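Please look over the sequence and the model before reading on.

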Amino acid sequence: MTNYFVKRLLLLIFVLFGVVTLVFFLIHLIPGDPVDIMLGDTAVAADKLALRHDLGLDQPVMQQYGRYLGHVVQGDLGVSIHSRAPVLGEIMARFPASAELMIGAMVVAMLIAFPLGILAALKPHGLLDASAMFFSFLGIAMPHFWLGPLLIILFSIQLNWLPVNGRGTLAHLVLPAITLGTAMAAMLSRMIRASLLDVLGEDYIRTARAKGLPERTVVLRHALRNALVPVITVIGLQVGVLLSGAIITEAIFDWPGLGTLLLDGISTRNYPLVQGCILFIATIYVLVNMLTDTAYGWADPRVRVR
Amino acid sequence: MFRNRWTYLGLAVIVGFMLAALFAPLLAPYDPLAMNLIEQLSRPSTTHWLGQDVNGSDILSRLLYGARISLVVSLAVVALAGSIGVLLGLISGYFGGWTDTLLMRLVDILLAFPGLLLAIALVAVLGPDVKNVIIALTVLGWVSFARLVRGQVLAVKEREFVMAARAAGASNRRIMLVHILPNIMGPVIVQATFSVAGVIIAESSLSFLGLGAPPGTPSWGAMLADGKQVLMDAPHVSIFPGLAIMLAVLAFNFVGDGLRDRYDPKGSSMKK
C-alpha cells in the first residue's frame with residue numbers, strides 16, 4: 001500500500017516538473033523576439049530592455065530556466081506585463097469563479113446522468129434506453145460553443161428567463177453550468193448504464209432478488225453502489241474536460257474566471273500571464289488526477305496490485 | 001458489414017461532407033468571401049437558403065468551404081498524429097526498457113494538460129494559422145495513439161506467431177511492421193475515427209476563440225464566433241455552422257462505434 005502511494009507521489013513530482021519545463025519553453029517557441037511581440041513595434045528601446053531584463057530573457061537559457069524553476073517552487077509565477085501585478089494574485093482572484101462554474105457543471109451532469117443511466121440500464125434496448133443513448137451521442141457531439149448560444153437564444157432571448165452573461169446570482173450560473181455539464185452528463189450516463197448492466201448480471205443481484213427484496217432496493221442499494229466505483233473514477237478524470245471546456249464556456253458567457261483571464265492574456269500577448277494560467281490549470285488537473293487515482297487505489301485493492 | 005444501421009447513416013453523412021468539401025466551388029451558390037453590407041444578417045430565403053452573416057456573405061457557401069478546413073485539418077492531424085503515435089507506440093511496446101520508460105513519461109507529461117489547453121498555448125505562441133493548428137493538435141493527438149499501440153504491442157508480442165518469426169530470424173523491423181502492426185490495426189482505425197471527431201471539435205474550438213484560421217476565412221468555428229456577436233438579432237448565423245459541426249462529429253462517432261463493434265466488441269458500451 002505505502003509502496004503504491006510513494007510511486008504515485010514520485011510520478012506526480014516528475015510530471016509537475018515536466019509541466020513546468022514545458023511551460024517555460026513555450027515562450028521560447030515564439031517566432032521572433034518575444035519582447036517585440038509583447039510590447040509592439042511602437043515601444044521605446046528602454047521599455048524593451050526593461051521587460052527583457054524582467055523576464056530574464058537577457059540571460060542564457062539554462063540560467064533563465066533555473067531561475068524560473070526556483071520562482072515557481074516559491075509560488076512566484078512572475079508579473080503581469082500590463083497591470084504589473086503578480087500573476088498568481090490575478091489567477092487566485094479569478095479561480096473562485098472557475099471553481100463555481102465547474103462545480104455547477106458537475107451538479108448538472110450528475111442530475112442528468114444518474115437518472116438517465118439507471119433508467120436506461122433497467123430496460124436495456126427499450127425506447128427509453130435508445131432515447132437516453134441518443135441523448136448521450138448528441139451531448140458528446142454538441143460543442144460547448146454551439147450549445148451555449150442555443151441556450152441563450154432559447155432561455156435568454158426568446159423566454160427572457162435567464163441572464164445572457166455575467167456572474168453574481170444563481171440565475172447567472174444556470175446556463176453556463178448546463179453548457180459545460182452536458183457533455184459530461186452524456187459521457188457519464190453511458191458509463192453508468194454500462195457499469196450498472198455489468199453489475200445487474202452478477203450472482204449477488206440474483207440472490208438479492210431471490211430473497212424477495214424490492215427491485216428499488218436491489219438497484220439502488222446493491223447494484224448501484226458497486227457500479228459506482230468506475231463511475232467515480234470517470235467523474236474525477238472528467239475534471240480535465242471541464243477545465244478545458246470552461247475556457248470556452250467562460251468566453252461564451254463572459255464569465256470572469258481563469259479561462260477568460262487566459263484568453264485576455266493571449267489577446268494582449270501577456271505571456272507571463274498565459275504561462276501562469278497554463279501552469280496553474282495543468283497543476284490542478286494533475287493533482288485532481290492523482291487524488292482520483294489514489295482514491296481508486298484505496299477503494300479497490302486490485303488497482304494497487306496492477 | 002456493420003450490424004448497426006447508425007454506422008451506415010454516419011458513413012453517408014461523412015461521404016456527403018467530403019463531396020461538399022471537394023466540390024465546394026461547384027456547389028456554392030455565391031463566393032464565400034463576397035460581402036454584401038446592404039443585405040447583412042438577412043434571414044434564410046429563396047435566394048440565400050441559409051441566410052447571410054454579419055458581412056452579408058452567403059452562409060451556405062461559407063459552410064461548404066468551411067467543410068474543407070474542418071476535414072483537411074482533422075484528416076491531416078489524424079494522419080500525422082496517428083503515424084507518429086503508432087511508430088512511437090510500436091517502438092515503446094516492442095523494445096521496452098528505457099525507451100519505453102522515456103516515452104511513457106513524456107506521454108504522462110503531455111497528458112497533464114487538460115484537453116485543449118496545450119493546443120491553445122501552442123497556437124497562442126506560434127500564431128493563429130491553419131498550419132499551426134495542425135501542429136498543435138498533432139502534438140496533442142499522437143499521445144493517445146502511442147498509448148493504445150503500446151498496450152496492444154505488449155499483448156501481441158508474446159503471441160506464438162511473433163516468436164515463430166523471431167525464431168525464423170526476422171529482423172525487429174520486420175517483426176514490428178509485418179507481423180505485429182497488421183494485428184493491431186483494428187483498434188488503431190477505431191481510435192483514428194473517433195479522433196477525427198475530436199479534432200473537428202478542437203479545430204472549431206480554436207477558430208471560435210480566434211486561434212484558428214485567419215479572420216475572414218470560412219471556418220465553422222469562426223462562423224460561430226461571428227454569430228455570437230449578433231445572437232440577439234440573427235440567431236440563424238450561429239445555428240447552421242453549429243449544426244454542421246454536430247452532424248460531422250456525430251457521423252464520425254457513429255462510424256467509430258460501428259468499427260469498434262466490429263474490431264473490438266469488448267470495448268463497446270452500446271452493445272451490452
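At which residue does α5(A) bend, and by about how many degrees? The model shown here is predicted, and in it α5(A) bends by about 35 degrees at R94(A), with a proline, P96(A), following within four residues. Helix α5 of chain A covers residues 87–122, and because its 36 residues should span 52 Å at 1.5 Å a residue, the 51 Å between its end C-alpha atoms agrees with that expectation.

**Chain B as a whole**
- The secondary structure of chain B consists of 10 helices and zero strands, so that reading along the sequence gives the pattern α-α-α-α-α-α-α-α-α-α.
- Along its principal axes, the C-alpha trace of chain B spans about 75 × 45 × 35 Å, and buried residues make up 49% of the 272 residues in this chain.
- If one takes the contacts in chain B between residues at least 6 apart in sequence, 69% of them join residues at least 24 apart.

- Just after α5(B) comes G127(B), which takes a positive phi of about 105 degrees.
- Helix α6 of chain B, residues 130–156, has 27 residues and reaches 38 Å from its first C-alpha to its last, which is close to the 39 Å expected at 1.5 Å a residue.
- Within α6(B) there is a bend of about 30 degrees at V139(B).

**How α3 and α8 of chain B pack**
- Two packed helices are described by the angle between their axes and the distance between the axes.
- For helix α3 (residues 59–95) of chain B and α8(B), the angle is about 145 degrees and the axes are 7 Å apart, while the crossing of α3(B) past α8(B) is right-handed.
- The residues of α3(B) that make this contact include V73(B), V77(B), V86(B), L90(B) and Y94(B), and among those of α8(B) are N172(B), M176(B), I180(B), V188(B) and V199(B).
- By class, the contact of α3(B) with α8(B) has 15 nonpolar, six polar and one charged residues.

**A closer look at Y94(B)**
- Leaving aside residues up to four places away in sequence, Y94(B) touches V153(B), K157(B), N172(B), M176(B) and I180(B).
- The C-alpha atoms of Y94(B) and A155(B) are separated by 10.0 Å, although these two residues are 61 residues apart along the chain.

**Where chain B meets chain A**
- The contact between the chains takes 36 residues from chain B and 43 residues from chain A.
- On the side of chain B that touches chain A, at least two residues each are supplied by α4 (97–111), α5 (117–126), α8 (172–208), α9 (220–229) and α10 (236–263) of chain B.
- The largest share of that side, seven residues, comes from α10(B).
- Sorted by class, the side of chain B that touches chain A has 23 nonpolar, nine polar and four charged residues.

How values were computed
Residues are numbered from 1 along each chain as its sequence is written. Chains are lettered from A and ligands numbered from 1 in the order in which they are written. This is a predicted model: local features need pLDDT of at least 70, side-chain atom pairs count only at pLDDT 80 or more; totals for chains, interfaces and linings use all residues. Two residues are in contact if their C-beta atoms, placed from the backbone, lie within 7 Å. Ala, Val, Leu, Ile, Met, Phe, Trp, Tyr, Cys and Pro count as nonpolar, Asp, Glu, Lys and Arg as charged, and the others, Gly among them, as polar. The expected span of a helix is 1.5 Å times one less than its number of residues. The bend at a residue is the angle between axes fitted to the seven residues ending there and the seven starting there. A residue is buried if 20 or more other C-beta atoms lie within 10 Å of its own, exposed if 12 or fewer, and partly exposed in between; C-beta atoms are placed from the backbone. Axes are lines fitted to C-alpha atoms, for helices over the stretch in contact, and angles run from 0 to 180 degrees between N-to-C directions. A crossing is left-handed if the near helix is turned anticlockwise from the far one by less than a right angle, and right-handed if clockwise.
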